[in-house]
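Visitor: I would like to learn how to read side-chain features in a model. Could you take me through some cases?

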Amino acid sequence: MTQVKPQENRMYQEMKKAAWERLRSCDPLEIARKAGVLFDEKESAFSFVSLGKQIRVAYPGFQVEGALEEWHELVILHYLEMADGTPLSGDLITFGQLPQGLVRGGETDRETEKTLGEYFGDGQVEKITEICERLGAKIAESKADFTAVFEFLPRYPVTMNLWFADDEFPGTGKLLLDSSAGHYLSVEDAVTVGMVLLEALKR
């Protein structure tokens, strides 16, 4: 697990408290409708799947239950707050193509290509398939050598395309988002999504 620096932990705690405060003023049924999650009124909790794990978020406290890294939890809170119910388009974009994503999103695209190439460019399909399926991904057909679609959040899928190394080119890869992604998370949160998924894949 990535070590968190003290200043990063303080920033995380402040951002989490701010997200809690904003969410507590929202109607839970409206949150559920827009985010595509279930809300159990008897249990007073939201439930959904993220990277193959069943997630439960208590209401009205909005504590996230489940063994998740801190920044993964924060992304979940921001998703519940920001989701506006926009349907998935089916059109894929890079992180750099997100609204205001040219700089930070572009950096994520470059880091993703390097990391995926280093870890999965050797073309061990059975191993890669097992890793992806552990994270709840569905293997899909595409023009890439290997494609998996991860349910990071109910309306926030992440597509991974891999191209394996050959005699001429090294292995590489891309993480892609649905073009509706900007309706559910900011570019800063999208970058965190990429980081969390890459770390999960490497583990």
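This is a predicted model: local features need pLDDT of at least 70, side-chain atom pairs count only at pLDDT 80 or more; totals for chains, interfaces and linings use all residues.

Visitor: Let us begin with the rings. How many aromatic pairs does the structure hold?

Guide: The structure holds 8 aromatic pairs. To read one, take the distance between ring centres and the angle between planes. Planes over 60 degrees apart count as edge-to-face. Tyrosine 12 and tryptophan 71 have ring centres 5.5 Å apart and planes at 70°, so this pair is edge-to-face.

Visitor: Where in the chain do tyrosine 12 and tryptophan 71 sit?

Guide: Tyrosine 12 is in helix H1, residues 6-23. Tryptophan 71 is in helix H3, residues 70-82. They are 59 residues apart, and the pair links distant parts of the chain.

Visitor: Are tyrosine 12 and tryptophan 71 buried or exposed?

Guide: Both tyrosine 12 and tryptophan 71 are buried.

Visitor: What is the geometry of the pair formed by phenylalanine 46 and tyrosine 59?

Guide: Phenylalanine 46 and tyrosine 59 are edge-to-face, with 6.2 Å centre to centre and 90° between the planes. Phenylalanine 46 belongs to strand E2 (residues 45-50). Tyrosine 59 is in the loop between strand E3 (53-58) and strand E4 (64-65). The two residues are 13 apart in the chain.

Visitor: How accessible are phenylalanine 46 and tyrosine 59?

Guide: Buried means under 20% relative accessible area. Phenylalanine 46 has 0% relative accessibility, so it counts as buried. Tyrosine 59, at 21%, counts as partly exposed.

Visitor: Which residues do ring pairs link into a cluster?

Guide: Phe39, Phe46, Tyr59 and Phe62 are linked by ring pairs into a cluster.

Visitor: Now the charges. How should I read a salt bridge?

Guide: Side chains of opposite charge can pair when their charged atoms come close. The cut-off here is a side-chain nitrogen of Lys or Arg within 4 Å of a carboxyl oxygen of Asp or Glu. By this rule the structure has 10 salt bridges. One of them joins the side chains of arginine 22 and glutamate 81, at 2.5 Å from N to O.

Visitor: Which parts does the pair of arginine 22 and glutamate 81 tie together?

Guide: Arginine 22 lies in helix H1 and glutamate 81 in helix H3, so the bridge ties together parts 59 residues apart in sequence. Arginine 22 is partly exposed, with a relative accessible area of 38%. Glutamate 81 is also partly exposed, at 29%.

Visitor: What about arginine 203 and glutamate 69?

Guide: Their side chains meet in a salt bridge, 2.9 Å from N to O. Arginine 203 lies in the segment after helix H6 (187-202), and glutamate 69 in the loop between E4 and H3, so this pair ties together parts 134 residues apart in sequence. Arginine 203 is exposed, with a relative accessible area of 59%. Glutamate 69 counts as buried, at 18% relative accessibility.

Visitor: Where are lysine 174 and glutamate 113?

Guide: Lysine 174 is in strand E9 and glutamate 113 in helix H4, 61 residues apart. Their side chains form a salt bridge at 2.8 Å, N to O. Lysine 174 is partly exposed, with a relative accessible area of 29%. Glutamate 113 is partly exposed, at 29%.

Visitor: Which residues are linked in a network of salt bridges?

Guide: Glu30, Arg33 and Lys34 are linked in such a network.

Visitor: Which residues gather in a patch of negative charge on the surface?

Guide: Asp145, Asp166, Asp167 and Glu168 form that patch. Take aspartate 167, found in the loop between strand E8 (156-163) and strand E9 (172-178). At 84% relative accessibility, aspartate 167 counts as exposed.

Visitor: Last, sequence against space. How far apart are the C-alpha atoms of phenylalanine 120 and glycine 171?

Guide: These atoms are separated by 7.4 Å, while the residues are 51 apart along the chain. Phenylalanine 120 is found in helix H4. At 4% relative accessibility, phenylalanine 120 counts as buried.

Visitor: And how far apart are glutamine 100 and glutamate 188?

Guide: They are 88 residues apart in sequence and 9.6 Å apart in space, C-alpha to C-alpha. Glutamine 100 is in the loop between strand E5 (92-93) and helix H4 (104-120). Glutamine 100 is exposed, with a relative accessible area of 78%.

How values were computed. Residues are numbered from 1 along each chain as its sequence is written. Side-chain values use heavy atoms; hydrogens and water are left out. Helices (H or I, at least four residues) and strands (E, at least two) are DSSP runs, numbered from the N terminus. Buried means under 20% relative accessible area, exposed over 50%, partly exposed in between (1.4 Å probe, protein chains only). Patches are made of residues with over 30% relative accessible area and no salt bridge: like charges are joined within 9 Å, nonpolar side chains (Val, Leu, Ile, Met, Phe, Trp, Tyr) within 5 Å. Accessible areas come from the Shrake-Rupley method with a 1.4 Å probe; for residues, only the protein chains shown count as cover. Lys and Arg count as positive and Asp and Glu as negative; His and the chain ends are not counted. The place of a charge is taken as NZ of Lys, CZ of Arg, CG of Asp or CD of Glu. Rings of Phe, Tyr and Trp (its six-membered ring) pair if their centres lie within 6.5 Å; planes under 30 degrees apart count as stacked, over 60 as edge-to-face and the rest as tilted.
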